[in-house]
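Hi there,

Here is the model I promised to pass on to you. Have a look at it first, and then read on for what turned up.

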Amino acid sequence: MVQYTEAEIRAAVEEAAARRTYAFAHAYIPEAIERAVRAGVRSIEHGNLLDAGAARLMAERGCFLVPTLVTYDQIAEFGRALRFPEASLRKLGDVLDAGLAASETALGEGVELGFGTDLLGETHGAQSKELALRAQAQKPVDVLRSATLVNARLLRREGELGVVAPGALADLLLVDGDPLADLAVLSGQGERIDLVVRGGELFAGREAG
């Protein structure tokens, strides 16, 4: 269902703009997504039930989609451990599958996919699993672009984030392997990340002690 009127959403967008930032919306169904996009939101989080019409509107207005697929994976994982009802677990599986389909629909209509997880608390350890889930809808190189170049555009920090270039923040990873061939080098808890440079300074790795 839709929850906010277009006027209410537009007011939030205007207030965000007054503070030199942007508004995003957590939305699932096409009607809610289209209403948010018409009101000027910059990105849609989740969007699992997105259809082609809503995706086309997003592309026309330059609105991003951030699928957050790992959210449903993790709720299901905890749900099994906590003995959620089977109906709830099936629903989570359906929503995850719908999220993958929505990602493909968005890409087909020219929507840019940002990268995020929406994970909270004890689920933070699964952040990198989003990479593997997204690879079911995108090539590894496009997943990496989503987390770097596209996110920089979404955050309005082009030239500062997501690139290795003069004047950019030197946030760099040295990994054991080729992430273009295997995103697993970025999975887990950094077991295959040899070096982390944050803001041009050595942050973690063998040489960082």
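Let me start with Arg83, which counts as exposed because its relative accessibility is 77% (exposed means over 50% relative accessible area, buried under 20%, and partly exposed in between, with a 1.4 Å probe and protein chains only). Please keep in mind that this is a predicted model, so local features need pLDDT of at least 70 and side-chain atom pairs count only at pLDDT 80 or more, while totals for chains, interfaces and linings use all residues. Residues are numbered from 1 along each chain as its sequence is written, and side-chain values use heavy atoms, with hydrogens and water left out.

Back to Arg83: its place is the loop between H4 and H5. Helices (H or I, at least four residues) and strands (E, at least two) are DSSP runs, numbered from the N terminus. The phi angle of Arg83 is near 60°, a positive value in a residue other than glycine. Arg20, in the loop between H1 and S1, has a positive phi near 60° as well, and with a relative accessible area of 77% Arg20 is exposed.

Phe84 sits in the loop between helix H4 (70-81) and helix H5 (86-108), and at 33% relative accessibility Phe84 is partly exposed. Together with Ile75, Phe78 and Leu82, Phe84 makes up a nonpolar surface patch with about 340 Å² of accessible area in total. Patches take residues with over 30% relative accessible area and no salt bridge, joining like charges within 9 Å and nonpolar side chains (Val, Leu, Ile, Met, Phe, Trp, Tyr) within 5 Å. The areas come from the Shrake-Rupley method with a 1.4 Å probe, and for residues only the protein chains shown count as cover.

Now for the interior. A nonpolar core here is a set of buried Ala, Val, Leu, Ile, Met, Phe, Trp, Tyr and Cys residues joined through side-chain atoms within 4.5 Å. The largest one has 24 residues, and those touching the most other members are Ile33, Val37, Val41, Ile44, Leu50, Met58 and Leu65. Two or more residues of this core come from each of helix H1 (6-18), strand S1 (24-27), helix H2 (30-38), helix H3 (52-61) and H5. Apart from this core lies another, of nine residues, including Val70, Tyr72, Leu100 and Leu119. Which residues does Ile33 contact, leaving aside neighbours within four places in sequence? They are Ala27, Tyr28, Ile44, Gly47, Leu50, Ala54 and Met58, where contact means heavy atoms within 4.5 Å.

Strand S1 has a covered face, Ala25 and Ala27, and an uncovered one, Phe24 and His26. S1 runs parallel to strand S2 (residues 43-46), and four bridges join the two (strands pair if DSSP finds at least two bridges between them). Opposite His26 stands Glu45 of S2.

Not counting residues up to four places away in sequence, Arg134 touches Pro67, Leu69, Leu113, Gly114, Phe115, Val143 and Ser146.

Finally, the salt bridges (a side-chain nitrogen of Lys or Arg within 4 Å of a carboxyl oxygen of Asp or Glu). How many salt bridges does the structure hold? There are ten salt bridges, and here are some of them:

- Arg56 and Glu109 meet at 3.6 Å, N to O. Arg56 is in helix H3 and Glu109 in the loop between H5 and H6, so the pair ties together parts that are 53 residues apart in sequence.
- Asp73 and Lys129 meet at 3.1 Å, N to O. This pair links distant parts of the chain, with Asp73 in helix H4 and Lys129 in helix H6, 56 residues apart. Asp73 is buried at 14% relative accessibility, whereas Lys129 is partly exposed at 33%.
- Arg192 and Asp182 have their closest N and O atoms 3.7 Å apart. Both lie in the loop between S4 and S5, so the pair ties together parts that are ten residues apart in sequence.
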